[in-house]
Amino acid sequence: MPAPADSDTDVSSSDCVAAVVVVFRLRSSCPQSSSRGTIRYASVHAHLGCTGSRRDDLESLSYTLIFLIRGRLPWQGYQGDTKSFLVCKKKMATSPEMLCCYCPAPFKQFLEIVTNMKFDEEPNYAKLISLFDGLIEAPASRQIRIDGALKVGQKCGRLVADLEEVEQPKKKVRLGSPAAQWISVYNARWPMKQRYHYNVADSRLSQHIEKGNDDGLYISSVASSANLWALIMDARTGFCSQVYELSPVFLHKIMEQWEKSYYITAIAGSSNGSSLVVMSKGTPYTQQSYKVSESFPYKWINKKWKEGFHVTSMATAGNRWGVVMSRNSGFSTQVVELDFLYPSEGIHRRWESGYRITSTAATNNQAAFILSMPKRKPMDETQETLRTSAFPSSHVKEKWAKNLYIA
């Protein structure tokens, strides 16, 4: 299958992502197609199967240099058959500002220039090299030859271009971050009192929680967005006491509360790495275990399933996953739906088999849904999900009127 023709047209982020989906579907249907080079450092065009040129070599070089400075790239840690697709999607969504925020300024300038080059454009090597002059203690004094045996991609007789001749590109093709959305899950319940708070700063958490406790409400669910918290408080949790910890460390040590018969019932993590851990007394749990990892810990979950544990809480902080598993959870079996988008088809298929969503979490690149089969089926098995661009405050009361409550 011939490589698609190169285009100079700038496109939006959503167009880019759609293009990735189409190209990867085409490539997956062609058994002879395969990635060339190391996925971590490959250019976006290489991911998409386009014919490589000098711009792609320079883009790969920029990722290598940034890796040497930072020690890590944002798209590391993906696993599975869709790894190349997820890495490509992350590269397209990561702006030079985000990628080079801990690097000297020339690294960002270098990346912006090379990612905005045209397919057959001749790189201005003199300008690219000069970007780093200020970082070198003793700059080389020798002249760069562009003729004879050392000529690289230059036309015969062409002189070295003025450094000021090439202006910084004004249009950025791969800027911005993925669009965020709230995914809320609702279960049918007998009529009860439920309260929600969202966009709560750290300093106001205790105020809302204490007032809820005074009204006989306990926290049933927590979430985080833009380093602010959302709280759901219910009248029918079955808890008799509750404590919480707001920590700058994701899932701080909680052994002391375990010894007092408190178990983790809700967790949330913010993008800056802090976490809110809620522990309750009066749960049916008899033992808990948790894991924090850089990627979704499916192997660990599968191991714990075999030991009689089930996932009861889950959260992310930045790109780190925190998963809590408990014994005597009330579930007979569980499955995982893991995708970079809301896996609508997979969830509906699970619903038809009797599974219900019991835990959710997401990073910018992956959404994980734990679906469980309860040992005792509820009287009403109705469950609904809702996707909104902001906290669904305008929808919650409509759900309450149908006896559907945020779970």
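This is a predicted model: local features need pLDDT of at least 70, side-chain atom pairs count only at pLDDT 80 or more; totals for chains, interfaces and linings use all residues.
Me: Is strand β9 mostly covered or mostly open, and how many of its residues are buried?
Reply: Strand β9 spans residues 309-317, and the model shows this strand as mostly covered. Counting along the strand, the number of its residues that are buried is nine of nine.

Me: Which residue in β10 stands opposite Val 311?
Reply: Strand β9 is joined by eight bridges to β10, which covers residues 320-327, and the two strands run antiparallel. They form a hairpin with two residues between them, and Gly 318 in the turn has a positive phi of about 65 degrees. Within this pairing, the residue in β10 that stands opposite Val 311 is Met 325.

Me: Why does Ser 184 count as buried?
Reply: Ser 184 lies in strand β1, which covers residues 182-188. A residue is called buried when its relative accessible area is under 20%. Ser 184 therefore counts as buried, because its relative accessibility is 8%.

Me: What is the length of the polar contact that joins the side chains of Ser 184 and Tyr 186?
Reply: Leaving aside neighbours within four places in sequence, Ser 184 is in contact with Glu 384, Thr 385, Leu 386 and Pro 392. Its side chain is also joined to that of Tyr 186 by a polar contact, and the length of this contact is 3.0 Å.

Me: Why does Thr 51 count as partly exposed?
Reply: Thr 51 is found in the loop between α2 (44-47) and α3 (54-70). Partly exposed refers to the range between the buried limit of 20% and the exposed limit of 50%. Thr 51 falls into this class because its relative accessibility is 43%.

Me: How far apart in space are Thr 51 and Phe 119, C-alpha to C-alpha?
Reply: In sequence, Thr 51 and Phe 119 are 68 residues apart. In space, taken from C-alpha to C-alpha, the separation of Thr 51 and Phe 119 is 8.9 Å.

Me: Which element gives the most to the largest nonpolar core?
Reply: The largest nonpolar core has 24 residues, and those with the most contacts inside it are Ile 66, Leu 73 and Leu 99. The elements that give two or more residues to this core are α3, α4 (83-93) and α6 (105-115). With five residues, the element that gives the most to this core is α6.

Me: With which residues is Leu 73 in contact, leaving aside its neighbours within four places in sequence?
Reply: Leu 73 is one of the residues with the most contacts inside the largest nonpolar core. Once neighbours within four places in sequence are left aside, the residues in contact with Leu 73 are Arg 40, Tyr 41, Tyr 63, Ile 66, Phe 67 and Leu 99.

Key. Residues are numbered from 1 along each chain as its sequence is written. Side-chain values use heavy atoms; hydrogens and water are left out. Buried means under 20% relative accessible area, exposed over 50%, partly exposed in between (1.4 Å probe, protein chains only). Helices (H or I, at least four residues) and strands (E, at least two) are DSSP runs, numbered from the N terminus. Two strands pair if DSSP finds at least two bridges between them. A polar contact is a pair of N or O atoms within 3.5 Å; within protein, one must be able to donate a hydrogen and the other to accept it, and residues adjacent in sequence count only if both atoms are side-chain atoms. Contact means heavy atoms within 4.5 Å. A nonpolar core is a set of buried Ala, Val, Leu, Ile, Met, Phe, Trp, Tyr and Cys residues joined through side-chain atoms within 4.5 Å.
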